[in-house]
Amino acid sequence: MSLNVAAKIWMNGRLIPWQEAQIHVLSHVVSYGSGVFEGVRFYDTPRGPAIFRLEDHMQRLIHSARVYRMDLGHSLETLVEGCRQVVRASGMAAGYLRPIALRGFGAMGVNPLDNPVDTYIAAWDWGKYLGGESHEKGVDVCVSSWARLAPNTLPAMAKASANYMNSQLIKMEAISNGFAEGIALDHNGCVSEGSGENIFLVRHGRLITPGMGNSVLPGITRDTVLTLASELNIPAREEAIPREALYLADEVFFSGTAVEITPIRSVDRIPIGSGQRGPVTTRLQQQFFDYVRGKTPDRHGWLAPVSELAAV
């Protein structure tokens, strides 16, 4: 896949050319997966490019690093400004940001504490994550044979690079079997999340999503959906969801920065509801995209304008 990338990458406080953002093959992250990262979208709005929930994403990056005893050496304010600098330098109206902190080359061995921590922020143009018509027509998914991480193995609440080896197994299995995505169960056999997305079910007009105890990442888009649902008077709750509830739901959809809000039209080749995007998903999608594109007032302060003039 060819990416339309931004020419500059932020590295430890300065902008460098894309091709110079390189690491040594013996960097700790290569052998041991010692990195944490974020995915952040910026949208084309009437005030110019605006980054969605920027501070929330950067705070989660800091929290993920804290779990792994990684000292980023950068404040929240510095990381926020770094993202703005990358978008400004890119000249893109809309796109995707990848802040990532990783342990570089130093000592070898599992102990990471003697390795330097480097932080990068890159940007590229990324369209609909699960395909061109996925937002409107939905996607076909399967329940994966791979389970999500059990408690006291790897921390699901940290967005860590190593966790996504599990995600890769889920994703590859799904694609190999003709599906767009896989849904993982947790260690108790309840619904957890997709390979890189949170999941919501709609049943009798009520919104249901797995809770933190089901090995899910505390998604920022997930939190956005819950907030918008409250504003639309859609009842919502977190609870453990058995696998069969997927087949009996009226609607099911993914949420996440990359996937945004994407309907699921079938699970294990069983149609969900009418087999097409449902009314609750449609309402939430419309509210979400109107918000991120600046068509409705930014009542939560979720949009961070990139232009210095727009931010005044």
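Predicted model: local features only at pLDDT ≥ 70, side-chain atom pairs only at ≥ 80, totals over all residues.
1. Let's start with His-204, which sits in the loop between β12 and β13 (206-209).

2. Residues are numbered from 1 along each chain as its sequence is written, and side-chain values use heavy atoms, with hydrogens and water left out.

3. Arg-269 lies in the loop between β16 (260-267) and β17 (270-271). Its phi is near 65°, again a positive value in a residue other than glycine. Arg-269 counts as exposed because its relative accessible area is 59%.

4. Ser-195 is found in the loop between β11 (191-194) and β12 (198-203). Is Ser-195 buried or exposed? With a relative accessible area of 4%, Ser-195 is buried. Its side chain makes a polar contact of 2.8 Å with the side chain of Glu-181. A polar contact is a pair of N or O atoms within 3.5 Å; within protein, one must be able to donate a hydrogen and the other to accept it, and residues adjacent in sequence count only if both atoms are side-chain atoms. Leaving aside neighbours within four places in sequence, Ser-195 is in contact (heavy atoms within 4.5 Å) with residues including Arg-148, Tyr-164, Lys-171 and Glu-181.

5. His-28 belongs to helix α1 (residues 28-32). It is buried, with a relative accessible area of 3%. Not counting residues up to four places away in sequence, His-28 touches several residues, among them Arg-103, Phe-105, Val-110, Pro-112 and Asn-115.

6. Now to the nonpolar cores, each a set of buried Ala, Val, Leu, Ile, Met, Phe, Trp, Tyr and Cys residues joined through side-chain atoms within 4.5 Å. The largest has 28 residues, and Ile-51, Met-58, Leu-72 and Leu-97 touch the most other members. At least two residues of this core come from each of β5 (40-45), α2 (54-67), α3 (76-90), β7 (95-103) and β8 (117-125). The largest share, six residues, is supplied by α3. Leaving out residues up to four places away in sequence, Leu-72 touches Leu-61, Ile-62, Ala-65, Leu-79, Ala-101, Val-117 and Thr-119. A second, separate core of 21 residues includes Tyr-43, Phe-200, Val-280 and Phe-288.

7. Helix α6 (residues 220-231) has end C-alpha atoms 17 Å apart, which agrees with the 16 Å that its twelve residues should span at 1.5 Å a residue. The expected span is 1.5 Å times one less than the number of residues. Buried residues in α6 include Ile-220, Arg-222, Val-225 and Leu-228. After α6 comes Asn-233, with a positive phi near 60°.

8. Helix α8 (residues 279-292) has 14 residues and reaches 20 Å from its first C-alpha to its last, close to the 20 Å expected. Among its buried residues are Val-280, Leu-284, Phe-288 and Tyr-291. Gly-294 follows α8 and has a positive phi, near 75°.

9. How do these two helices meet? The axes of α6 and α8 come within 10 Å and cross at roughly 110°. That makes α6 roughly perpendicular to α8, a label for angles of 65 to 115 degrees; under 35 is roughly parallel, over 145 roughly antiparallel, and the rest oblique. Axes are lines fitted to C-alpha atoms, for helices over the stretch in contact, and angles run from 0 to 180 degrees between N-to-C directions. At the meeting point, Thr-221, Thr-224, Val-225, Leu-228, Ala-229 and Glu-231 in α6 meet Leu-284, Gln-287 and Phe-288 in α8.

10. Finally, Gln-285 is also in helix α8. Gln-285 counts as buried because its relative accessibility is 4%. A polar atom of the Gln-285 side chain lies 2.8 Å from the backbone oxygen of Ile-261. Beyond its neighbours within four places in sequence, Gln-285 is in contact with His-135, Ile-261, Pro-263 and Arg-277.

Methods
Helix = DSSP H or I, 4+ residues; strand = E, 2+ residues; numbered from the N terminus. Buried < 20%, exposed > 50% of the residue type's maximum accessible area, 1.4 Å probe, protein only.
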